[in-house]
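Visitor: I'm new to this one. Could you take me on a close look at the barrel and the ligand that goes with it?

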Amino acid sequence: MRNEAMHEKSDGTISRMILGTWAMGGNHWGFCDDVEALRAIDTALDNGINAIDTAPVYGDGHAEELVGKAIQGKRDKVFLATKCGLDIYSRKYERNLSPSYIERDLSQSLKRLKTDYIDLYQCHWPDPQTPVEETMAALLRFREEGKIRLIGVSNFNDDELREAMRCAPLFSLQSHYSLLERSVEQSTLPICRENDINFFSYGSLGAGVLTGKYREQPRFSRGDARSFFYRFFKPRYWPKVRLLVDGLEETARSKGTRPGVIALSWLIKQPGVRSVIVGARSSEQVLDNIADVPVELNAREMELLDHLSGAIYSC
Ligand SMILES: NC(=O)c1ccc[n+]([C@@H]2O[C@H](COP(=O)([O-])OP(=O)(O)OC[C@H]3O[C@@H](n4cnc5c(N)ncnc54)[C@H](OP(=O)(O)O)[C@@H]3O)[C@@H](O)[C@H]2O)c1
């Protein structure tokens with residue numbers, strides 16, 4: 001089932017939906033079955049998604065290894081994005097964007113991904129200990145050497161983004177954005193639009209919440225990143241989160257589709273969003289997420305979702 005709508009909207013290089021692989025790492029997001037994860041990647045690539053986002057920190061290299069396996073024989077058809085600068089080797093996950101660290105990070109990623117180049121290499125988090133000029137000079141050198149093709153950043157605030165832009169041509173910013181987290185709308189998205197920086201959203205489905213899968217507030221174990229990474233899981237926000245999901249369900253019912261499809265369609269429509277990164281751990285989830293996206297949302301539906309999502313952090 002190839003989703004032509006999703007595919008046609010790509011500009012020939014990057015589809016409007018990118019497959020996220022954090023959960024596939026299997027260590028910070030509950031168990032993930034490798035066979036199922038490989039199937040999910042295949043399904044995505046067979047159905048119009050041509051871009052994959054991964055990182056060394058997802059499963060301490062495991063997600064990259066799975067991606068490397070899945071793209072064998074298809075490398076030229078895949079836009080491969082990975083990241084650097086979170087120290088997995090010490091297991092402390094400290095930020096490190098020093099040239100020597102990212103040189104090591106890059107060579108390990110290339111090995112795990114079984115490729116000799118990365119399409120998009122992204123600084124995972126800003127590192128206040130390393131001057132950004134040094135990081136960018138190293139990335140420009142890797143680009144000259146043909147090991148990476150494009151430079152991106154992730155989780156950079158506006159000042160950090162402007163500074164990085166002064167040192168190197170930035171292709172993209174990856175940040176948290178969905179109906180559950182809209183702070184990038186104030187200034188970050190406008191900066192990206194003004195400077196031709198592609199914006200990629202992560203947490204696009206609210207780590208699953210926006211699919212409507214949780215009737216009650218979920219509880220995760222302490223080691224599970226969902227217990228601390230996404231603030232909307234905190235008990236005080238849950239009643240308003242649930243009202244938003246009710247709104248998504250109502251809208252989805254009237255269109256004969258699912259709440260996650262409505263959430264992703266809303267996000268894809270936001271000015272400046274180049275592509276939405278959507279995580280999945282099975283081919284069923286991948287198919288579910290691409291099946292109807294994007295559906296048309298009328299002004300009244302957009303207003304309802306704006307209102308319900310705007311209320312979440314005002315409580
Ligand atoms: N740069 C960064 O700092 C950063 C941070 C976070 C994420 N990311 C990237 O962005 C990607 C996406 O973000 P995310 O994974 O945090 O959140 P997400 O895309 O909002 O949610 C993905 C999760 O929702 C659940 N799900 C997906 N489709 C579903 C469906 N159809 N039905 C029911 N459940 C479904 C799955 O988890 P369960 O099966 O466990 O419910 C899946 O792992 C990541 O994989 C990663 O590549 C980057």
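Guide: Happy to. Over residues 16-308 the chain is 39% helix and 15% strand, and the end C-alpha atoms sit 25 Å apart. Helices (H or I, at least four residues) and strands (E, at least two) are DSSP runs, numbered from the N terminus. That stretch comes from a record: an unreviewed UniProt entry annotates residues 16-308 as "domain: NADP-dependent oxidoreductase". UniProt positions are given in the numbering used here, feature names are shortened, and such annotations may be inferred rather than shown by experiment.

Keep in mind that this is a predicted model: local features need pLDDT of at least 70, side-chain atom pairs count only at pLDDT 80 or more, and totals for chains, interfaces and linings use all residues. Residues are numbered from 1 along each chain as its sequence is written, and side-chain values use heavy atoms, leaving out hydrogens and water.

Now the barrel. Eight strands close up in the order E1-E2-E3-E4-E5-E6-E7-E8, with parallel pairing; two strands pair if DSSP finds at least two bridges between them. From one strand to the next, the twist averages 30°. Helix H4 (residues 99-113) packs on the sheet, touching E3 (79-84), E4 (118-123) and E5 (148-154), and its direction makes about 145° with that of E3. Contact here means heavy atoms within 4.5 Å. Axes are lines fitted to C-alpha atoms, for helices over the stretch in contact, and angles run from 0 to 180 degrees between N-to-C directions.

Look at one pair of strands: E1 (residues 17-20) and E2 (residues 51-53) run parallel and are joined by two bridges. Gly20 has Asp53 in E2 as its bridge partner.

Asp53 also leads us to the ligand. It is among those that come nearest of the 34 residues around the ligand, along with Leu205, Lys213, Tyr230 and Arg281; a residue counts as near if one of its heavy atoms lies within 4 Å. A polar backbone atom of Thr21 is 3.1 Å from a ligand oxygen, and one of Gly208 is 3.2 Å from a ligand oxygen. His124 uses a polar side-chain atom, 3.3 Å from an oxygen of the ligand.

Methods
A polar contact is a pair of N or O atoms within 3.5 Å; within protein, one must be able to donate a hydrogen and the other to accept it, and residues adjacent in sequence count only if both atoms are side-chain atoms.
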